[in-house]
Amino acid sequence: MKHAVALPLALWVWVIFHGSVLCQRPAVVNIGAVFTFDSVIGRPAKVAMEAAVSDVNSDPRILNGTNLNLITGDAKCNVFIGSIATFQVLERQVLAIVGPQSSSIAHMISEIANGLQVPQISYAATDPTLSALQFPFFLRTTHSDSYQMAAMADLIDFYGWKEVIVIFVDDDYGRNGIAALDDELDKRGSKISYKLSLPTEFNVTDFTEMLNKSKLIGPRVYVVHVNPDPSFRIFTVAQKLQMMTHGYVWFATDWLCATLDSFSPMNQTSLRFLQGVVGLRQHIPQSRKKDAFVSQWRKMQKKGLVNSGLNTYGLYAYDTVWALAYSIDEFLKKQGKVSFSASDRLLDIRATQLEKLEIFDGGDLLRRQLLQINFTGLTGQIQFDSERNLINASYEVINIVQTTIRGVGYWSNYSGLSVLPPEDVKSEQKRDSFQDQKLGNVTWPGGITEKPRGWEIAADERPLRIGIPRRASFVEFVTELNMSHKVQGYCIDVFNEALKLVPYNVPYTFIPYGDGRSNPNYGELVQMVANDMFDGVVGDVAIVTNRTRIVDFTQPYAATGLVVVAPVHNTKLSAWVFLKPFTVEMWCVTAAAFVMIAVVIWILEHRVNDDFRGPPKRQLITMFLFSFSTLFKTNQEDTRSTLGRIVMVVWLFLLMVITSSYTASLTSILTVQQLSSPIAGIDSLIASDLPIGYQVGSFAFSYLRDSLYIRQSRLVSLGSPEAYETALRKGPRGGGVAAIVDELPYVELFLEKRKDFGIFGQTFTKSGWGFAFQKDSPLAADLSTAILRLSETGTLQEIHEKWFCEMGCPGWRQHKSEPNQLHMISFWGLYLLCGSITSFALLVFLLRTIRQFARYKRKQMETSPSVSSNTRCSQVIYNFFDFIDEKEEAIKKMFKQHENPQPQVS
């Protein structure tokens with residue numbers, strides 16, 4: 001019975017004793033840290049981690065008597081050496097690996113951590129691809145470069161720059177960071193135009209040559225994303241190349257601030273060559289804990305215990321140790337023990353030096369505990385998001401002014417750019433109140449505060465390559481003169497005048513395209529701009545849809561569109577066709593001349609010719625019948641006065657010229673109207689199945705074939721205005737064409753000296769001519785503004801008149817008058833002669849009549865003393881008109897009676 005009771009009691013005691021042994025916390029747990037000891041990030045990180053371990057071990061509230069033991073390995077900035085150091089650390093059965101600061105080494109360690117199930121937590125590896133599902137045991141207590149590049153893209157977009165040049169180290173950190181920047185810029189309509197990749201240990205001479213070549217590229221905005229460099233070799237080279245001056249913009253990622261913050265205050269006085277650089281620094285909110293740690297750090301600096309300044313990565317390293325401490329504490333509460341075991345996958349490598357490696361049994365649990373932590377450290381809230389990155393990414397925007405690092409704003413992933421720290425942006429309303437002032441004033445390279453333009457369209461060393469079509473026909477628009485490299489034309493003059501209004505210097509050189517024997521293909525010319533063979537094209541380039549997809553056009557400087565040209569026809573005879581030989585002006589002047597002749601002849605003949613005397617009604621009818629009957633030479637009245645006959649001679653000569661010209665013009669019009677053609681416009685032309693001509697190199701060919709679906713066999717290429725005329729005169733039956741489809745400016749020039757052809761129908765495409773440049777070229781926008789100013793000031797019209805209006809603008813002649821009409825300008829000399837002689841005859845008549853009237857009044861007063869000499873003026877005028885109305889013979893008899901008075905009979 002005693003044995004029966006003693007056996008269960010012994011078993012219960014053994015279970016209690018064994019359970020207490022199993023649940024007992026270990027006295028020490030190891031954590032590993034692999035990083036580069038002697039580096040900008042490593043030096044403060046090492047001191048910070050050691051301080052954190054000391055603080056954790058001295059804090060009774062955490063780990064409940066278990067101490068942390070930090071085991072470090074030096075990666076020496078090398079992936080291979082870093083891997084060896086990692087294995088050496090893992091042999092010590094560490095629960096987690098802290099670090100490294102290098103993203104390239106972090107990639108390698110992450111694979112090792114996955115295999116041994118040891119959580120890896122980095123305070124400085126910022127490569128965005130480390131957040132991939134490929135690395136489930138990787139976490140970081142810093143911000144991914146995906147956030148930093150979003151901040152950088154917002155910064156570039158804030159200032160309106162569309163193209164940047166990036167300088168980056170060619171490793172995982174540099175390549176993947178720049179890839180993230182490229183994606184962010186693309187979202188904002190900007191792009192990276194050129195990349196300068198550097199090896200991890202680059203040669204200054206080689207870099208100098210690379211950077212100097214970048215000056216030949218348009219953008220002047222540089223983004224530098226490299227490893228921390230205490231020598232600032234990139235900016236030193238830039239200063240030697242005069243690239244830290246006015247016109248340049250330099251952005252740096254947080255490597256710059258990490259480097260500057262690691263300097264002692266005495267070392268920062270030599271940083272004048274960084275004047276104007278704008279950088280990002282990971283934002284650490286102000287707190288008492290942070291201030292106390294910084295104060296402690298400065299004391300250690302003064303005592304010589306620390307030989308480096310404290311940067312943000314040092315603070316993150318401190319918080320990383322505490323994050324591990326909190327997670328291990330929770331892990332031990334749940335797990336109670338730490339155990340490692342061998343894996344079947346490691347059995348094959350037992351013969352190597354890696355035989356001590358074992359898998360951490362509680363690694364996945366510790367990883368989950370890390371993902372759940374949430375505490376406030378020196379750097380603020382420590383909590384991970386779904387991609388195992390810290391939440392609430394934020395950066396400070398800094399500007400280096402002389403030797404001072406000045407803050408100009410902040411960026412966060414939830415508030416964007418702001419002049420307020422992210423923790424102060426409490427509400428949407430408050431954030432909106434600062435939307436017009438997102439950043440403070442920045443001092444740029446060269447000491448200027450005005451925002452630089454950010455690009456140079458060209459330089460004297462690399463002028464713009466402007467392609468021009470070497471035309472063989474219609475050379476008035478643009479061409480090269482006899483292979484002399486001298487170009488001229490309407491389009492060239494417009495370009496040169498517009499360029500004068502651009503507010504910066506644009507060096508350029510014209511490069512003719514084409515053989516000069518036939519017009520070049522304009523589609524190929526535009527494609528060469530898209531292929532970077534030309535920077536732009538200046539010429540008569542039509543703005544059409546497929547071209548706008550690959551290049552940027554300026555504002556149209558000439559309106560154009562496709563029209564149909566064919567032989568003139570009009571089979572409908574108008575009932576008023578007899579009016580067409582004269583313009584309205586000509587008809588009005590001619591009618592006024594008839595009235596004038598009628599009045600003048602009546603005045604000259606009224607006193608001497610009985611045919612022009614009688615009742616007023618009869619005189620009026622006679623006057624106008626005489627005038628108009630002279631047109632047919634059937635007038636019954638003769639002219640008897642000498643002055644009247646002189647006027648009639650000149651008038652009949654004028655009538656002879658006018659009637660002859662009228663007859664010839666009417667005959668020509670009636671002859672042209674008998675011509676016939678089945679073409680009435682583009683629709684009838686498509687339906688006719690007749691051959692159609694087009695200009696060589698024009699987009700008309702592709703439009704007719706691809707948009708209007710006209711068979712290519714119907715389309716005939718023509719190379720010159722002479723070829724146009726020949727093909728149209730031959731017609732379809734003679735091996736020519738029924739009509740030609742071409743752009744309006746060419747057609748107007750063609751019709752200027754050819755009256756047998758005309759435009760049929762309306763313009764069936766509406767477009768314009770513009771200058772083509774590469775996509776996103778700022779010169780396209782600036783030239784568009786200049787072209788609008790040329791149009792507003794009338795300069796554009798003056799250039800057009802210079803080239804196309806020496807004989808009158810073709811467009812005006814086409815629309816203002818009918819073909820073969822007679823204009824007043826052709827007869828004004830003849831009308832002037834007739835009017836002058838008529839006026840002279842009328843003046844002579846009036847002077848002679850006034851002389852007679854004066855003589856008559858004097859004689860009247862001599863013979864009749866009772867006649868008063870003080871007659872009123874109106875009575876004198878009335879008497880003068882009565883005198884004029886008397887016949888010439890009656891006046892002469894009165895003079896004789898006054899000279900020979902008859903004696904009175906008593």
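A search of the whole structure, which is a predicted model, identified two cavities of 30 Å³ or more. A cavity is here a set of points, on a 1 Å grid over the protein atoms alone, where a 1.4 Å probe fits but cannot get out, and its lining residues have an atom within 4 Å of a point. Grid points are joined across faces, edges and corners, and the volume is the space filled by probe spheres set on the points. Residues are numbered from 1 along each chain as its sequence is written, and side-chain values use heavy atoms, with hydrogens and water left out. Local features need pLDDT of at least 70 and side-chain atom pairs count only at pLDDT 80 or more, whereas totals for chains, interfaces and linings use all residues.

The largest cavity has a volume of about 70 Å³. Its lining includes R471, Y522, D540, R547, F699 and E743. By class, this lining comprises five nonpolar, three polar and four charged residues; Ala, Val, Leu, Ile, Met, Phe, Trp, Tyr, Cys and Pro count as nonpolar, Asp, Glu, Lys and Arg as charged, and the others, Gly among them, as polar. The second largest cavity holds about 30 Å³ of space. Among the residues that line the second largest cavity are K215, R220, E456 and R462, and its lining divides into five nonpolar, one polar and four charged residues.

Aromatic rings were examined next. The structure holds 42 aromatic pairs, where rings of Phe, Tyr and Trp (its six-membered ring) pair if their centres lie within 6.5 Å, and planes under 30 degrees apart count as stacked, over 60 as edge-to-face and the rest as tilted. The pair of F495 and F771 is edge-to-face, because the ring centres lie 5.5 Å apart and the planes stand at 85°. This pair links distant parts of the chain, with F495 in helix α14 (residues 490-500) and F771 in strand β30 (residues 767-773), 276 residues apart. Helices (H or I, at least four residues) and strands (E, at least two) are DSSP runs, numbered from the N terminus. Both F495 and F771 are buried (under 20% relative accessible area, with exposed over 50% and partly exposed in between, for a 1.4 Å probe and protein chains only).

Charged groups also sit over rings, a contact that requires NZ of Lys or CZ of Arg within 6 Å of the ring centre and within 35 degrees of the ring normal. The charged end of K46 sits over the ring of F37, 5.9 Å from its centre, and R453 lies over the face of W455 at 4.9 Å from the ring centre.

Strands β15 (residues 394-401) and β16 (residues 404-412) run antiparallel and are joined by eight bridges; two strands pair if DSSP finds at least two bridges between them. V397 stands opposite G409 in β16. The two strands form a hairpin with two residues between them, and Q402 in the turn has a positive phi of about 55°. Three bridges join β16 to the antiparallel strand β17 (residues 416-418), with Y410 opposite S418. β16 and β17 form a hairpin with three residues between them.

Backbone features of the loops complete the description. A cis peptide bond with omega of about -5° joins G99 and P100, and P100 is placed in the loop between β3 (97-98) and α4 (103-116). Q117, although not a glycine, has a positive phi of about 55° and lies in the loop between α4 and β4 (120-122). Q117 counts as partly exposed because its relative accessibility is 27%.

Note on methods:
1 Å grid on protein atoms, 1.4 Å probe; cavity = no way out; pocket = protein on both sides within 12 Å on 5 of 7 lines; lining within 4 Å.
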